[in-house]
Amino acid sequence: MKQLIVIFSLFTLKSYSQDNSFIAKPYLNIGRQPSPTTLDLLWQVTESNADWTVEVRTDKNSWTKTETPQWVPLAVDSLTTRRVYHTTLKNLTPGNPFSYRVSKDGKIVFTAEGHAPKTESQPYRFVVNGDIGAGTPDAKLLARQSFLSHPDIVVIPGDIIYENGRASEYDHNFWPVYNADQTSDQGAPVMRSIPYIGVPGNHDVDNRSLDQYPDGLAYFYLWRQPLNGPEGKEGDAFVPALKATDAHRKAFMDAAREAYPNAVNYSFNYGNAHWTVIDSDPYVDFSDKDLRAWIAKDLADAQNATWRFVIFHHPPFSSSLEHYEQQQTRLLTTLFEAGKVDVVFSGHVHNYQRTYPMTFQPFKKPAIITGGRDNKTIRGRVVNGYWHLDKTFDGKTNTHPKGVIYIITGAGGQELYNPEQTDNPDTWQKYTDKFIATVHSLSVVDIDGKNFTLRQISPDGTQVDEMKITK
Ligand SMILES: [Fe+2]
């Protein structure tokens, strides 16, 4: 009997201190309208009528309740019914720490700390790390490196989750790694304290069949980010049609709501930088006037920002033999040059590459490459043209680039592409300055006013590249 009592009290103690209804523990996003005084908090739980409240504290004394958390149902065929909650933490002091606590039916079940976004005049650090969602040992070690580098934000240039963008895949390969309770070789408690920013990759949004995966396209309901991109409709140049029965479509729309289909293109400011996020999947027609007009205007409106960064999944300028034919984003280079973009970040190609500062003029219509089971699916577009390279820039002694620098940071954990090319520069295209495919890595970038410093870091913390830009 004594033993039974001990076992029982251990059990009750555990269930009291660790609420087991969380599927995704609370995590920070930049929200629909990012500002230096706000962040959104989201969490995912199994369906119940529990009463959830969130309190935030920006100084030592007072806890303030946020507005009542809202939720959307996630009631799709392949999952037991869930709720995705969100609320906004407001009145934060830019750059300063805050604490928050989440209560369920009046009991505190989760606490964490973070800091508010930075203003234009504050220095900041961000991590860029693509193709991270496979749950590999190196992805987990990079999650830890990301945490240990204390960034202000983490931006993921696509392939957030493998293989098919499903909510159930996040359960295994994402939440336990990037929002772990402890820092270890299995992950780190990053997302509860540092906002992640999601950019869609092919594994996140390319498969539009909800009949095949009813919990697919989870990107549209697991991320709360701006909805200020171009308005598309299914069947348009940049929105493929869903394959879904009425029931599958309804269940998806009940969760995604206003985020579908346009949450894939958006922009935001952080510190003294403007970021433009673009869906670069092969189904997008980059000759579309509306899409091009949005990108051009977004960059034109951002000319007062000190830095302009563009981020999307498919790199325009890669030397990897793998995916070499997927050059569709080269059709956007003239917009980036007109908009005075400093750096374009991509993933998709699972290694690290950076170009010389460059300009590129496409000279004829792209050759569309098809493939897939039906041999009709667009795999990519070969885009030839003329480039001009600034080879005087070295990122060390000459830090004033003439042109746009294209960085591929897709070595976030998935199988590395073409490691054999690393020490074989004869296989690199002329625009490539660095090519590292023998080790996984992530980009840590420090911005201090007009100074940009990128360090590329491996899973064990070794620096494998460094590059500076000054204005
Ligand atoms: Fe990809």
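Reply: A quick definition before we start: Ala, Val, Leu, Ile, Met, Phe, Trp, Tyr, Cys and Pro count as nonpolar, Asp, Glu, Lys and Arg as charged, and the others, Gly among them, as polar. Bear in mind, too, that you're looking at a predicted model.

Let's look at the cavity. Searching the whole structure for cavities of 30 Å³ or more turns up one, and the volume of the largest cavity comes to about 50 Å³. Around the largest cavity you'll find P315, P316, F317, S318, H323, Y324, Q326, Q327, R330 and V349. Sort that lining with the definition above and you get five nonpolar residues, four polar ones and one charged.

Next, the metal site. The iron ion is held by D159 (OD), N202 (OD1), H313 (NE2) and H348 (ND1), at 2.1 to 2.2 Å. Along the chain, these donors are spaced as D-x42-N-x110-H-x34-H. The two histidines tie distant parts of the chain together: H313 belongs to the loop between β16 (307-311) and α9 (333-338), while H348, 35 residues away, belongs to the loop between β17 (343-346) and β18 (352-355). Angles among the four donor atoms run from 84 to 166 degrees, and the site is irregular.

One last stop is R32, in the loop between β1 (22-29) and β2 (39-46). Its side chain makes a polar contact of 3.0 Å with the side chain of E258, and also reaches the backbone oxygen of Q225 at 3.1 Å. Leaving aside residues up to four places away in sequence, R32 touches several others, including D40, W223 and A259.

Methods:
Residues numbered from 1 in each chain as written. Predicted model: local features only at pLDDT ≥ 70, side-chain atom pairs only at ≥ 80, totals over all residues. Heavy atoms only, no water. 1 Å grid on protein atoms, 1.4 Å probe; cavity = no way out; pocket = protein on both sides within 12 Å on 5 of 7 lines; lining within 4 Å. Points joined across faces, edges and corners; volume = space filled by probe spheres on them. Helix = DSSP H or I, 4+ residues; strand = E, 2+ residues; numbered from the N terminus. Polar contact = N/O pair within 3.5 Å; in protein donor to acceptor, adjacent residues only side chain to side chain. Contact = heavy atoms within 4.5 Å. Donors = N, O, S within 2.8 Å, 3.2 Å for Na, K, Ca; no water. Tetrahedral: all angles 85-135°; square planar, octahedral: opposite > 155°, others 65-115°.
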